[in-house]
Amino acid sequence: MEKTMNKLIKTIGFGIVGLFSTILVASSVLADGHSKEVNIFSARHYDSDVQLYEKFTAKTGIKVNVVSGKSGALEKRIIAEAGTADLYITADAGRLGAFQANLQGGLTSSTIKSAVPSNFRTSKWVGIAKRARIVYFAPERVSGAELAGLTYESLADSKWRGRLVIRASNNIYNQSLVASLIKNNGKGKVAEWSKGMVKNMARAPKGNDRAQILAVAAGEADIAVANTYYLALMLSGKKGAEQQAAAKKVKPFFPNQDGRGTHMNISGAGLVKGAPNKANAIKLVEFLLSEEAQNHIVNNTFEYPMIAGVSPHPLVVNMGLDFKQDLKTKVVNYGKRQADALEVMTAAGWK
Amino acid sequence: MTRYNIWFYISLFIAGIVALPIITVFFSFFSETSNYFTLLKNTFLFDYINNSLIILVSVLVITFFIGVISAYFVSFYDFPFSNFFSWSLILAFAIPGYIFGFSIIAFFENYGTAYTILTNLFGEHNYNPLIPKFDSLVGSIIAISFSLFPYVFVLTRSSFLFQSNNYIEVGKNLGLTEKETFLKIILPSARPAIIAGLALVSMECLSDFGTVSFFSVNTLTTGIYNSWLSYDDLNTANQISFILLIFILLLFSVELYSRREAKYHQPSRGFKPINKIRLTGKKSIIPFLFCLTIFFISFVFPVTQMIFWTVKFPKYFQDIDILKINLNTLYLVGLASIFLVFISLLINFGSRISKSKILNYLTNFSISGYAIPGVILAVAFITFFSNLSDLITNNFNIGNTKNLFIGSISGLILAYFVRFFSLSFNGIKSSYEKINNSIDESAYLLGYSKVKTFSKIHVPYLKNNIILIVVLISLEVIKELPITMILRPFNFETFATQAFVYASQDLLEAAALPSLFLIGWSTILILFSTKYILSPKN
């Protein structure tokens, strides 16, 4: 009896050990120890980015490992897995700013400094591409006179009552926009402004930026707030013929031209604390700021280039390039004022 | 005595692993929280609870009506395609709530598929104001209801199958109409099965993450996630988890209790199978249309939408490495199945030969892993292994051990193990208990060792059951979203994560291809398993 039991236990023991080691070996083979590699946690996962990383690998022999996901979950894993991540890539300066404590300085090479204007970078993170958050309107229902001198601030005016669509307050683009307003006007004024915005909404916030533009095209609202690249994306036909036709019914308007300029934001990369492949990470960032990579980015994502000398996609050029960008409000403020921004929006009942 | 100890320790170890998330959550309930919890209590918490309750109640009402009525029609009546509906309505299981959500948005949004159809039919016109818009809450309710109603349908249907025709005849003799028979006899006697189905629906509904997060509705589950992510406040996350867990454990006990009740309702002697009433002509229209509508909405609609997109945007055939995702999925499914089935067999066998009661309690306790929403499990998992690794690093001179279980296949498999252990363990247990102990005794008399009894007698007897369990595990792993999303390694996607990543990036049309594969594999697995589930002998 004892004997058979021992035999059984042994079999089982070996079975378990065998299973575990199979799994461990298998997973270590999957994440095998390339010395020439760089680990990216990316909240921005366009297929075109993957093609870009492939180009980088072909050039340098450095393998690019990517895990993508929503920014929040990625940030948690970067912290929990300390010593794994090299770069954190995301599509909003507010995110990078709020994650500052887990990033390290080092993005200070002359290549980076000369490529990126100082208001779009810190030593811990740099912008890779730019986008503007602007107003879209239906020319059939909104006249030039009505729009003249429009600012983000004046979107809360009563003349827009029931005519405006914008995303929910949990959206990071809105949080960054409102953070920049707080930086420029103070929290108290922006709290009042948020209340005005809520009154002006044609419907409770829902959907993404593209859905806001479509709502204007469909006649649900007269004006919408959304990022620049969405309109170009629809106009390109990549979203189908219907949306291409719909996008033509809507026109872009760049606010605050008489003052500080239109709200700008970035897609950016942050250098993670304890990055095991710091040098490779810096190389990758420098590559992303090269003319070749910038051309690839702007032609696939319809963003504005970060460096001088590269032209945006023709559809973006058509939207107008001679607008005044807000270069006065440093994008680091988006992270700093994020909590205040969320607080005033929530207090105003902005869903 | 030693043999008791060995099985005791093995079971204790397994139970301990499965209970990790609950223990982690429980202990952090008593730790300090930031003032976010106060803020939350004052502002959002009420909202979270409110949304969770609205969704829960609506989903329960909808799944009850859809599930029970369709089960009633296919069990008691013979109408055109009634046999087809009796299995095809289960296919809704192949569509996770979040994919159903993608379809709703794609179809009804401004300039969406409905608009395209209307334009093609009636020419250019602004149809957008005419197309109904489902806001986030309503959208979530519809998506969750149609992806979960099969729980009610399957359980109610199998309870109807076992209902004796005698009862119905009694009803007839008492002069009851068909409607009265249904309300006064059939429905009450199927009550435990219906409640069990609804309890499962509730658990799944409360733990849903993909759907509500896609529609950006704040519920207790997304609240946990947000407080963890946006406010870096794990304790608050765990405290909300605790509230949610109380909800869920309550439902879990309701389900267990109803199951026990259901046993007493199974007929023994004098069982007469139901004589289905044949419906023709006008009378057959209502059940036929009802079942057709449900089948259409729950399965045909999302599948067609995904096919439509895949065909309309063929560029993603090149952009998505679909072969690799297939292999990844196969890899996960294979490892998870082997691991789960092996341990489940082991514990069941140990429990059988040691005849220990403590084991029963332990194994029952370890089942709780299923009751925990995947997203909480993933949160607790990272907390636990992050702390454990710090402890090891600080006390022993070993480097970083975090990567062993966070962001690795082994971690993913371990998390699946915790989540699906009850499915696998209980599935095998129910069959194992049917093997009479005297068979073991006879085997020993013939000189069989325990190992030989296990491998030559038990395993062959359990073969079909094991196949079924592997199918169910595969189905769950393929559809699983939050755990995989949060814990997966570099350069690793499953159909679910790939689809969700695209969807959250406003690339729903790119999400179509992985979604379609997910649905395809799930459908095959469901069709395969209905062969087992639907055969009355099981």
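Where in chain B is the place of B:Phe122?

A: B:Phe122 is placed in helix α6 of chain B, helices being DSSP runs of H or I with at least four residues and strands being runs of E with at least two, both numbered from the N terminus. The model is predicted, so local features are reported only at pLDDT of at least 70 and side-chain atom pairs only at pLDDT 80 or more, while totals for chains, interfaces and linings take in all residues. Residues are counted from 1 along each chain as its sequence is written, and chains are lettered from A and ligands numbered from 1 in the order of writing.

B:Phe122 is exposed, because 9 other C-beta atoms lie within 10 Å. On this scale 20 or more other C-beta atoms within 10 Å of a residue's own make it buried, 12 or fewer make it exposed, and counts in between make it partly exposed, with C-beta atoms placed from the backbone. From B:Phe122 to B:Ile6 the C-alpha distance is 74 Å, across 116 residues of sequence.

B:Tyr111, in the loop between α5 (97-108) and α6 (113-122) of chain B, has a positive phi of about 60° and is not a glycine. B:Tyr111 counts as buried because 27 C-beta neighbours fall inside 10 Å. B:Phe81, likewise not a glycine, has a positive phi of about 70°; this residue sits in the loop between β1 (77-78) and α4 (82-88) of chain B. B:Phe81 is partly exposed because 15 other C-beta atoms lie within 10 Å. As background, most residues other than glycine have a negative phi.

Chain A may be described next. Chain A contains 16 helices and 9 strands, and its C-alpha trace spans about 90 × 50 × 45 Å along the principal axes. Of its 351 residues, 50% are buried. Among its contacts with a separation of 6 or more, 79% link residues 24 or more positions apart, a contact being two residues whose C-beta atoms, placed from the backbone, lie within 7 Å.

Chain A is divided into domain 1 (37-130 + 265-312) and domain 2 (131-263 + 330-347), with bounds that come from an automatic or database domain assignment. The C-alpha centres of the two domains of chain A lie 27 Å apart.

Strand β8(A) itself is mostly covered, with 8 of its 8 residues buried. One side of β8(A) carries A:Met264, A:Ile266, A:Gly268 and A:Gly270, the other A:Asn265, A:Ser267, A:Ala269 and A:Leu271, and all are buried. Strand β3 (87-90) of chain A runs antiparallel to β8(A), joined by 4 bridges, whereas β4(A) pairs with β8(A) over 7 bridges, also in the antiparallel sense; strands count as paired if DSSP finds at least two bridges between them. Within β8(A), A:Gly268 is the bridge partner of A:Thr90, and A:Gly127 stands opposite A:Gly268 as well.

Strand β4(A) also pairs with β6(A), antiparallel over 5 bridges, and A:Arg133 has A:Asn227 of β6(A) as its bridge partner. By contrast, β5(A) and β6(A) run parallel and are joined by 2 bridges, with A:Val165 partnered by A:Ala224. Because 5 of its 5 residues are buried, β6(A) is largely enclosed by the rest of the structure.

Helix α9 (209-217) of chain A is mostly covered too, with 9 of its 9 residues buried. Those residues pack against β4 (125-137), β5 (164-165), β6 (223-227), α10 (228-235) and α11 (241-247) of chain A. After α9(A) comes A:Gly219, with a positive phi near 90°.
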